[in-house]
Amino acid sequence: MASIKLTINNQVRTLDVDPEMPLLWAIRDVVGLTGTKFGCGIAQCGACTVHLDGAPTRSCSVPVSAAASSKITTIEGISKNGDHPVQKAWIEHQVPQCGYCQSGQIMSAVALLKQNPKPSDEEIDTAMQGNICRCGTYNRIRQAIHTASATISAAPKMPKSTPKIGKR
Ligand code: FES
Ligand code: FES
């Protein structure tokens, strides 16, 4: 056992765990954030996807000790009230069927749109191919990503710096 500090959803947590424990176990069973799901356990299905420093990562296949230096974001951390544009688009298009894969799908979609705010169908398929859906919701996922993309693109941008108001 070791004392490991994790930064999850901007909160620092100190866990007393086996350093080799999969990050997914730590997130779900130790921290209690159960939005991230266990599917295959071998980095093949994407159900356990979280972000490590913004990059979509299969948490079932990362030792908890390897995540200690990263900023971890789970599905619970992408918005306060479930109102991230991707989450809203998922509802609008009624994407989930059984729902089991959807937390991982959303995490991959959020990461994709950060990297590429206006992805083509082909780019969506490439980015999302590691997320398996046994219910076959792929078409709706693609539509929802386009809707979220449009919402994000239409949102007013924050100015990079506040203009200085001074004497002439
Ligand atoms: S549970 Fe991690 S990829 Fe399937
Ligand atoms: S919605 Fe059932 S596995 Fe994707």
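Reader: At roughly what angle do the axes of helix 2 and helix 3 cross?

Author: Some ground rules before the answer. This is a predicted model: local features need pLDDT of at least 70, side-chain atom pairs count only at pLDDT 80 or more, and totals for chains, interfaces and linings use all residues. Residues are numbered from 1 along each chain as its sequence is written, while chains are lettered from A and ligands numbered from 1 in the order in which they are written. Helices (H or I, at least four residues) and strands (E, at least two) are DSSP runs, numbered from the N terminus. Axes are lines fitted to C-alpha atoms, for helices over the stretch in contact, and angles run from 0 to 180 degrees between N-to-C directions. Now the case: helix 2 (residues 85-92) and helix 3 have axes that come within 10 Å and cross at roughly 125°.

Reader: Is the crossing of helix 2 and helix 3 left-handed or right-handed?

Author: A crossing is left-handed if the near helix is turned anticlockwise from the far one by less than a right angle, and right-handed if clockwise. Helix 2 and helix 3 cross in the right-handed sense. Helix 2 brings V86, Q87 and W90 to the contact, and helix 3 brings I106, A109, V110 and L113. Contact here needs C-beta atoms, placed from the backbone, within 7 Å.

Reader: How many nonpolar, polar and charged residues are in the contact of helix 2 with helix 3?

Author: Ala, Val, Leu, Ile, Met, Phe, Trp, Tyr, Cys and Pro count as nonpolar, Asp, Glu, Lys and Arg as charged, and the others, Gly among them, as polar. The contact of helix 2 with helix 3 has 6 nonpolar, 1 polar and no charged residues.

Reader: How far apart are the axes of helix 2 and helix 5?

Author: They are 8 Å apart, and the two helices pack at about 135°. Helix 2 and helix 5 are therefore oblique. Helix 2 passes helix 5 in a right-handed crossing. P85, V86, A89, W90 and E92 of helix 2 meet A144, T147, A148, T151 and I152 of helix 5. By class, that contact has 7 nonpolar, 2 polar and 1 charged residues.

Reader: Which residues of helix 3 meet helix 4?

Author: S108, A109 and L112 do, against I124, A127 and M128 in helix 4. The classes are 5 nonpolar, 1 polar and no charged residues. The axes of helix 3 (residues 102-115) and helix 4 (residues 121-128) come within 10 Å and cross at roughly 130°. That makes helix 3 oblique to helix 4. The crossing of helix 3 past helix 4 is right-handed.

Reader: How many residues does the largest nonpolar core have?

Author: First the general idea. In soluble globular proteins, nonpolar side chains tend to be buried together. A residue is buried if 20 or more other C-beta atoms lie within 10 Å of its own, exposed if 12 or fewer, and partly exposed in between; C-beta atoms are placed from the backbone. A nonpolar core is a set of buried Ala, Val, Leu, Ile, Met, Phe, Trp, Tyr and Cys residues joined through C-beta atoms within 7 Å. Here the largest one has 37 residues, and L23, V86, I106, A109, V110, A144 and A148 have the most contacts inside it. Strand 1 (2-8), helix 1 (23-31), helix 2, helix 3, helix 4 and helix 5 (138-154) each supply at least two residues of this core. Helix 3 gives the largest share, 7 residues.

Reader: Is A26 buried or exposed?

Author: A26 counts as buried because it has 25 C-beta neighbours inside 10 Å. A26 sits in helix 1. Leaving out residues up to four places away in sequence, A26 touches L6, L15, V17, M21, V31 and V64.

Reader: Where is D53 found?

Author: D53 is in the loop between strand 3 (49-52) and strand 4 (55-58). D53 has a positive phi of about 50° and is not a glycine. D53 counts as exposed, with 11 C-beta neighbours inside 10 Å.

Note on methods
Parallel < 35°, antiparallel > 145°, perpendicular 65-115°, else oblique. Contact = placed C-beta atoms within 7 Å.
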